[in-house]
Amino acid sequence: MRRRGQSYVAAMLAVFVAFVALLATLPSVVPLTAVADKVDTALLSVNETLKGCCAHASSEAWKVFYSGKIGGGGGATASAADRFLARARACWSTCRDLIQGYYGLLVGGEPSFEHGGSTLTCKAELSVSKRGTVSKLKWVKSIEMSIVNGETAIKGVFPNKCLEINFTLKGVKPPYVLVEVYFLDVRGSEVYLRNVWKGYLLPVSAEGDAFKYSVRVLIELKYFARCDANKQACTLQYIVKASDDTGACVWVEGGVDLGGG
Amino acid sequence: MGLRRGQLRVIETAVAGVLAVLVLATASRLAYPRTVYVGYSDYASEAAAILKALADRNVLCRTVYGPGGSVAGDALRTAVEGFLPPGRGYRLSVSRLDAGRVVEIYAFESGNFALEKASSSYVILSGCNGVFEPRMVVLSVSGGG
């Protein structure tokens with residue numbers, strides 16, 4: 001039978017062992033913190049690469065659309081949408097492999113990419129897992145552009161007539177909005193896209209979650225002259241392209257009656 | 001049955017030890033309230049926080065893929081220094097990730113950067129302004145050299 005003094009010694013020994021055990025577990029906390037840090041920066045990389053892929057793919061889509069327009073063939077928007085999807089997927093596939101390799105983790109889930117000319121949507125619900133730690137990431141980029149009907153018209157007096165285009169943009173934070181305006185210049189069988197205006201625009205007003213922009217472009221005399229000569233082509237076709245600060249772009253097409261013919 | 005004298009001494013000594021530690025800990029906390037220990041993982045967290053702040057403002061994308069696709073080094077350095085606590089040293093590098101190879105295309109090291117006291121964080125970017133070229137930004141932060 002043990003004496004009471006031995007019980008106290010045993011109790012103190014137990015406290016000592018518990019203290020040592022606590023100390024021993026501390027080092028295992030440090031790598032866990034390191035894992036969390038790494039996952040945080042991995043999520044940042046996922047976010048940044050998705051952003052870049054969306055912008056890159058939209059830029060490629062614009063090139064296809066542009067080529068389609070000057071080629072005179074139809075289906076430029078559909079071809080652009082296909083190129084967008086293909087480039088975005090290829091870009092993401094490369095980036096996902098790089099992220100998995102450099103951070104030593106697994107990225108689950110597949111983002112979705114869509115471009116309809118005036119609309120762009122890139123979204124992802126992904127999971128990043130490392131040593132049993134799973135982190136979720138939700139990322140969405142959505143841009144929508146539309147011409148304000150009734151407010152886009154030819155203004156001024158000949159020969160200083162200009163086209164005033166009013167449009168709204170959703171999903172792009174001002175002031176980094178790069179706007180380009182193109183006129184479709186048809187010369188017989190040849191079609192050109194003339195870049196007639198390029199610059200950064202500030203919104204004129206906010207309408208809910210959309211910002212309204214306005215741009216005025218002088219219409220060169222040659223467009224009127226051609227209209228008079230053909231007696232038919234009296235519609236000026238234009239394209240307005242807007243890009244955000246990452247380079248992600250959308251565009252809208254429109255036409256105005258030049259009044260000749 | 002009461003405790004024996006030897007047992008009481010052991011308990012008293014243990015209690016006195018615990019109290020002494022508590023008193024010392026409290027006293028040191030009151031005497032040095034501004035003393036902060038910064039370990040290597042804190043430097044990595046600092047670096048990660050700076051990279052995140054730059055990414056959120058889209059500064060990272062626009063400086064890593066600057067005019068003509070080259071790194072806008074001065075702008076990137078200025079942005080990093082804007083977020084860095086005083087007295088820290090840092091090393092900033094941008095590398096191109098090209099078919100399994102890492103090619104450093106930009107590097108800057110502050111005068112007071114101390115490699116042996118440093119810890120790093122990195123971010124991978126895919127491109128900016130329509131360019132596609134995966135690059136890695138590494139920010140190493142250290143105490144003063």
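Q: Which salt bridge do the side chains of A:K155 and A:E164 form, and what are the distance and the atoms?

A: In this predicted model, the side chains of A:K155 and A:E164 meet in a salt bridge at 3.4 Å, N to O. A salt bridge here is a side-chain nitrogen of Lys or Arg within 4 Å of a carboxyl oxygen of Asp or Glu.

Q: And are those two buried or exposed?

A: A:K155 is partly exposed, with a relative accessible area of 31%. A:E164 is buried, with a relative accessible area of 11%. The cut-offs are under 20% relative accessible area for buried, over 50% for exposed, and partly exposed in between, using a 1.4 Å probe and protein chains only.

Q: Why do side chains pair up like that at all?

A: Side chains of opposite charge can pair when their charged atoms come close.

Q: Nice. What joins A:E60, A:K63 and A:R83?

A: Salt bridges that share partners join A:E60, A:K63 and A:R83 into one network.

Q: How many salt bridges are there over all chains?

A: The rule gives 19 salt bridges over all chains.

Q: Tell me about the pair A:R96 and A:E110. What is the distance?

A: The side chains of A:R96 and A:E110 meet in a salt bridge at 3.2 Å, N to O. A:R96 sits in helix α2 of chain A, and A:E110 in the loop between β1 (106-108) and β2 (112-115) of chain A, 14 residues apart. A:R96 is buried, at a relative accessible area of 19%, whereas A:E110 counts as exposed at 53%.

Q: Before we go on, how are things numbered, and what gets counted?

A: Residues are numbered from 1 along each chain as its sequence is written, while chains are lettered from A and ligands numbered from 1 in the order in which they are written. As this is a predicted model, local features need pLDDT of at least 70, side-chain atom pairs count only at pLDDT 80 or more, and totals for chains, interfaces and linings use all residues, with side-chain values using heavy atoms and leaving out hydrogens and water.

Q: Okay, zooming out: how many helices and strands does chain A have?

A: Chain A has three helices and 12 strands. Helices (H or I, at least four residues) and strands (E, at least two) are DSSP runs, numbered from the N terminus. Of the 261 residues of chain A, 43% count as buried.

Q: What domains is chain A divided into?

A: Chain A is divided into domain 1 (32-143) and domain 2 (148-260), with bounds from an automatic or database domain assignment. Their C-alpha centres lie 30 Å apart.

Q: How many residues of the two domains are in contact?

A: 20 residues of domain 1 of chain A are in contact with 20 residues of domain 2 of chain A, where contact means heavy atoms within 4.5 Å.

Q: What area is buried between those domains?

A: About 1,700 Å² is buried between domain 1 and domain 2 of chain A, and carbon and sulfur atoms give 69% of that. Buried area is the accessible area (1.4 Å probe) that two parts lose on being put together, summed over both. A:W62, A:K69 and A:I143 supply 38% of the area that domain 1 buries against domain 2, more than any other three residues.

Q: Which residue does A:K69 meet in a salt bridge?

A: The side chains of A:K69 and A:E253 meet in a salt bridge at 2.6 Å, N to O. The rule finds two salt bridges across the interface of domain 1 and domain 2 of chain A.

Q: New topic: how many residues of chain B are in contact with chain A?

A: 33 residues of chain B are in contact with 30 residues of chain A. The two chains bury about 2,500 Å² between them, 60% of it on carbon and sulfur atoms. B:Y122, B:I124 and B:F132 supply 24% of the area that chain B buries against chain A, more than any other three residues.

Q: How many salt bridges does the rule find across that interface?

A: Across the interface of chain B and chain A, the rule finds zero salt bridges.
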